[in-house]
Amino acid sequence: MPTSRAPLQLPARPARREGRRPAPPAVLRVLVVDDDLLLARLVKANLDRPGRVAAEAVGSAEEALERLARGGWDAVLSDLVMPGMGGMELVRRAGETAPGVPVLIMTAHASIEGAVEGIRAGAANFLRKPVDAGEVLALIERAVAERAGGEDPPAEGLPAGPGPADALWGSDPRLEGVRRIARRLADSPDSRLLITGESGTGKSLLARLVHDLSGAAGRFVEVNCAALPSLLLESELFGHEKGAFTDAQALKRGLIETAEGGTLFLDEIGAMPLELQAKLLLVLETREIRRVGGVHPIPVRTRVVAATNRDLRRAVAERTFRHDLLYRLDVVSVEMPPLREMPSAVAELAERFVRAICADQRRPVPPLTPASFARLAGYPWPGNARELRNAVERALVFHSGGPFEVLPPERPLEACGEAGGITLPPGLTLDEVERRYLRFALERGTAELREVAESLGVSRKTLWEKRRRFGL
């Protein structure tokens, strides 16, 4: 078994104002709200940490407000769509009943527009179901610290749970090089970053790490340029004035404005339409935006980080990507290394995933066998860290004692034929079959939704709608 190494030490964020601030409570009291009380209790069980978190579950927003009125709560985690009062109204009412208590919204029907609306209503964050307990807990602790007016919780290292920074953890020199660049960029808030690499290598995680290390006061706003139709993407990025088009019944701030003072992460930038590339180039050059239908420029100061798994220089040669935009984005570039080039990192990361998942499930940690390490290091992992974590979780589900082994798939997904690429157990509903097959198609290594849609025989719009429906 590989030797355990200390995780990356992250510097604490600088205080936003001088002087000492009240520290977050030693034990966080979290109220989980969901009309599906069984699900609420499951989330509660995953959040509970002796001496750290004490969660309680309720089945309605009305009951949550009654509990909040009695006081003693540090945070609320609520479903969005519920009978009677919904999550958005709960956010507004909670601000009156228990000012200072952050409310995080979770939903199976997450969208960028819904997230922006929730943040405007006062939500501390907007999460897609199924939620990851480790990540939710980190967000809750940060929200509580921010509402208290103090510093974020001190970072003693990378998160213990299977969360954002896991794919960047390991002793491989290439990963250390990535972390070193993240530290340097954190001190240069105006420097743009272009991240390249295969699917599942942690491009979005590196963007968030740079943002977190910088101590920026603004938000981290992520936009998937391939997930939205071009007309909707323009409105989401730049916002629109009231009356700009038929359905524009109110002024809407775009996501570039929302990221003011923070980081705008443009994932799959290679899929952005050419007409929008020209507008983004103007924003980078002038640091100003114009809302759709607007005439007055609005100054913005936002760090822009872009990511892609495409060869942008080849795209420039094919005239599908602007060369001047590439030069503007490529101030600092980082290529995320694939797992197959870091066999030592595979073993370290697998061991970390085992510990983290077992901690979340409150079960003893079984040691990996040496034979398992050898098999993991010899597999190419086309899905990279995402595929490795799935393999670890699958092995834990079926482990019932004795030696513990994580077995990679029999063959990489790219090598699977259309008729044997995915195995479905009997007894699934038609919706579950469709959801699993769609996830399989999306994880085959391409980030181009157009190609995935063509392979499935549907339009890109249909594929986008199905992704939203199934929360993929």
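Student: Which residues touch the most other members of the largest nonpolar core?

Tutor: This is a predicted model, in which local features need pLDDT of at least 70, side-chain atom pairs count only at pLDDT 80 or more, and totals for chains, interfaces and linings use all residues. Residues are numbered from 1 along each chain as its sequence is written, and side-chain values use heavy atoms, with hydrogens and water left out. A nonpolar core is a set of buried (under 20% relative accessible area, 1.4 Å probe, protein chains only) Ala, Val, Leu, Ile, Met, Phe, Trp, Tyr and Cys residues joined through side-chain atoms within 4.5 Å. Of the 33 residues in the largest one, those touching the most other members are V223, L237, L266, I269, F321 and L329.

Student: Which element gives the most to this core?

Tutor: Helices (H or I, at least four residues) and strands (E, at least two) are DSSP runs, numbered from the N terminus. Elements giving two or more residues to this core include β7 (220-224), α8 (230-238) and α10 (274-286). The one that gives the most, with 5 residues, is α10.

Student: How are α8 and α10 oriented to each other?

Tutor: Axes are lines fitted to C-alpha atoms, for helices over the stretch in contact (heavy atoms within 4.5 Å), and angles run from 0 to 180 degrees between N-to-C directions. The axes of α8 and α10 lie 10 Å apart at an angle of about 15°. Angles under 35 degrees count as roughly parallel, and α8 and α10 are therefore roughly parallel.

Definitions and conventions: Buried means under 20% relative accessible area, exposed over 50%, partly exposed in between (1.4 Å probe, protein chains only). Angles under 35 degrees count as roughly parallel, over 145 as roughly antiparallel, 65 to 115 as roughly perpendicular and the rest as oblique.
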